[in-house]
Amino acid sequence: MLITVAAFKGGVGKSTTALHLAAYFQTKSDTLLVDGDFNRCALDWSNRGTLPFKVADEKEAVRLAALYEHIVIDTPSQPDDDELKTIARGCDLLVIPTTPDAIAFAATLNMVNALKKFKVNYRILLTLVPPHPNKAGEEAKLALERAGLPVFKSVIRRLAVFGKAALEGVTVNAVQDYYAPIAWRCYCEVGKEIIS
Ligand SMILES: Nc1ncnc2c1ncn2[C@@H]1O[C@H](COP(=O)(O)OP(=O)(O)O)[C@@H](O)[C@H]1O
Ligand SMILES: [Mg+2]
């Protein structure tokens, strides 16, 4: 399975999502995470600590791809039309993370429009969802569903432990923190919606 994570907007949790989906898929079969962002966020992350799956840049990935059952690709923000075409081509599922705020929301709708001509299988994932009693996450999900857009049933909560994991160079399930299992479960639920 080839899964690409992309969004028009930066800071919506693309790299965090790519990394944790790769960690989930690795529990099923060998998984390769391709760091397609020139900022090398995922590679830096893996260099700070240890990740339970292989991380490679695009060049290395060409050589390695055949060895892995699942491939997750992290991408830079603001893809242009050519990059969108590349992203859409050959991917089984495009995951579009979006935070539940007006700016990210508008960017997601623009992206969905730009994707129409490529006939790509995509699903929107709500990320950095604020805790109760804030209803932004549920409201955003409802709005997307009402607009007839494919959206994951599970959402990713906004939890500081994700930042901690990035600093330590590990995935959240490897962090010593009360919220670590809760954060990890968020991505496992999303992973299960992709492959159980
Ligand atoms: N669910 C979350 N809860 C809290 N912080 C998060 C969450 N997801 C990502 N972050 C933090 O938000 C920032 C941007 O995330 P990142 O995955 O790098 O986004 P992108 O790749 O879209 O730019 C990082 O500091 C990251 O640690
Ligand atoms: Mg990133």
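In helix H2 (residues 41-48), the buried residues are Ala42, Trp45 and Ser46; buried means that 20 or more other C-beta atoms, placed from the backbone, lie within 10 Å of a residue's own. Because these three cover an arc of only 95° around the axis, they sit on the same side of H2. The arc is taken from the directions from the helix axis to the C-beta atoms.

This is a predicted model, in which local features need pLDDT of at least 70, side-chain atom pairs count only at pLDDT 80 or more, and totals for chains, interfaces and linings use all residues. Residues are numbered from 1 along each chain as its sequence is written.

The elements below are among those that cover the buried residues of H2. Helices (H or I, at least four residues) and strands (E, at least two) are DSSP runs, numbered from the N terminus.

| Element | Residues |
|---|---|
| helix H1 | 14-26 |
| strand E2 | 31-35 |
| strand E3 | 54-57 |
| strand E4 | 70-74 |
| helix H7 | 161-168 |

The largest nonpolar core has 60 residues, of which Leu21, Ala22, Leu33 and Val72 touch the most other members. H1 gives the most to this core, with seven residues. Apart from neighbours within four places in sequence, Ala22 is in contact (C-beta atoms within 7 Å) with Thr31, Leu33, Phe53 and Val72.

The axes of H1 and helix H8 (residues 180-194) come within 9 Å and cross at roughly 65°, so H1 is roughly perpendicular to H8 (65 to 115 degrees). His20, Leu21, Tyr24 and Phe25 of H1 make the contact with Tyr187, Cys188, Val190 and Gly191 of H8.

Conventions: Chains are lettered from A and ligands numbered from 1 in the order in which they are written. A residue is buried if 20 or more other C-beta atoms lie within 10 Å of its own, exposed if 12 or fewer, and partly exposed in between; C-beta atoms are placed from the backbone. Two residues are in contact if their C-beta atoms, placed from the backbone, lie within 7 Å. A nonpolar core is a set of buried Ala, Val, Leu, Ile, Met, Phe, Trp, Tyr and Cys residues joined through C-beta atoms within 7 Å. Axes are lines fitted to C-alpha atoms, for helices over the stretch in contact, and angles run from 0 to 180 degrees between N-to-C directions. Angles under 35 degrees count as roughly parallel, over 145 as roughly antiparallel, 65 to 115 as roughly perpendicular and the rest as oblique.
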